[in-house]
Each structure stands twice: as structure tokens, then as C-alpha cells.
Amino acid sequence: MIKILFVCHGNICRSPMAEFIMKHMVERAGLTDEIYVESAATSTEELGNDIHSGTRRKLIQMGIPFEKRHARQVTRSDCSKFDYISVMDENNMRNLKRITGDNGKERFFKLLDFTDRAGEDIADPWYTGNFDETYSDIEEGCRGMLKMLTDRLNPSYAD
């Protein structure tokens, strides 16, 4: 099983949005037995809190199922549990490396690295208020990541 962890600052906006978008895509692709998805934060500010109301509204608008959850912080042990740890921006990457001591850095990626926009950040809607743009960027990143994983799982079907 391939295990993915999405990481953002507080684990209430971007990373849970990515978690639920990817879970939905994985389910639609019939890969729930092959791909596991979770999310976490680099900070402790929102620990225990559910997803942001703006994220919740956007997921409902787009027909993406989600469930009540509690923000958690990424741990050093996540590096050995997850095959891909995908952050939303450069600050998340820096904080992830600080928390993990670079342990498992070969598994660290920005979500848009799976698109033609490699290296770009996904803006934090906590500050921008633009959940539409964030959703669009995350969906693009998840599509690219799922294509890469699907090609990896089924190499004979790769383009």
C-alpha cells in the first residue's frame, strides 16, 4: 500500500482539503485498497481543531465527501510510515525538515511538484481568503500525483 501524508501549517485548510480531494479521487479510481491518505500540520496552533469552515464550504460545493477530524502535528515517525509527504509551500517544507531532522527527506515534495508548476507554492486561504484558488491548485496537484501513482501501480498502462 502506498501511503501519502499532506502537510500544511495548521492542518485545518490546505492539507485536509488535499486529503479529502485525494481520497475522493482514489475512491473514484478504485484504488482505496492500494493508496492510503492522511494529513498533518507543522505547527501546534490548531491541534485538535476540525477543518476550517471555508474548506468545509468549498468541499461541499465541489461534492467532495469529508468527515469530522482533528488537526494533528507531523512527527518524526511519520517519515517511516508514509511513502510521500507532500507540503503546500516552502515554509511547510522548512518546518517539516526541522521537525523530522531531514529524516526521510527523499519522501518530501511540494504538491505542485507533480504538475507543470513544480516548485510553486499553494497559497494559504487562512490569509488570502481565496478558497477557490486554493482548491484549484490542490486539485491540480492531486491529479498529477494520482497519475504518477497510477502509472507506478500499473506500469503496463502508463502513457
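**View 1. Surroundings of Cys79 in a predicted model.** Cys79 is in contact (heavy atoms within 4.5 Å) with Ile85, Thr100, Asn103, Gly104, Arg107 and Phe108, leaving aside its neighbours within four places in sequence. The model is predicted: local features need pLDDT of at least 70, side-chain atom pairs count only at pLDDT 80 or more, and totals for chains, interfaces and linings use all residues. Residues are numbered from 1 along each chain as its sequence is written, and side-chain values use heavy atoms, with hydrogens and water left out. Cys79 lies in helix α3 (residues 78-81); helices (H or I, at least four residues) and strands (E, at least two) are DSSP runs, numbered from the N terminus. With a relative accessible area of 1%, Cys79 is buried. Buried means under 20% relative accessible area, exposed over 50%, and partly exposed in between (1.4 Å probe, protein chains only). Lys105 is 26 residues from Cys79 in sequence, and the two are 8.1 Å apart in space, C-alpha to C-alpha.

**View 2. Asp102 in the loop between α4 and β4.** The loop that holds Asp102 runs between α4 (90-100) and β4 (108-110). Asp102 counts as partly exposed, because its relative accessibility is 31%. Between Asp102 and Arg76 there are 9.1 Å in space, C-alpha to C-alpha, and the two are 26 residues apart in sequence.

**View 3. The open sheet.** The sheet has 4 strands in the order β2-β1-β3-β4, with parallel pairing. Two strands pair if DSSP finds at least two bridges between them. β2 and β4 are the edge strands, each pairing on one side only. From one strand to the next, the twist averages 25°. Helix α6 packs on the sheet and touches β1, β2 and β3; the direction of α6 makes about 165° with that of β1. Axes are lines fitted to C-alpha atoms, for helices over the stretch in contact, and angles run from 0 to 180 degrees between N-to-C directions.

**View 4. Strand β1 and its partners.** Of the 7 residues of β1 (residues 2-8), 6 are buried, so the strand is largely enclosed by the rest of the structure. β1 runs parallel to β2 (residues 35-41), joined by 7 bridges, and parallel to β3 (residues 84-87), joined by 4 bridges. Ile4 stands opposite Val37 in β2 and opposite Tyr84 in β3. Leu5 stands opposite Ile85 in β3.

View 5. Asn11 sits in the loop between β1 and α1. Its phi is positive, about 65°, although Asn11 is not a glycine. Most residues other than glycine have a negative phi. Asn11 is buried, with a relative accessible area of 0%. Helix α1 (residues 14-28), together with β1 and β2, makes a right-handed β-α-β unit. A crossover is right-handed if, with the strands pointing away from the viewer, the path from the first strand over the helix to the second runs clockwise.

**View 6. Packing of helices α2 and α6.** Helices α2 (residues 53-61) and α6 (residues 131-153) pack at an angle of about 60°, and their axes are 10 Å apart. Gly54, Thr55, Lys58 and Gln61 of α2 make the contact with Phe131, Asp132 and Tyr135 of α6. By class, this contact has 2 nonpolar, 3 polar and 2 charged residues. Ala, Val, Leu, Ile, Met, Phe, Trp, Tyr, Cys and Pro count as nonpolar, Asp, Glu, Lys and Arg as charged, and the others, Gly among them, as polar.
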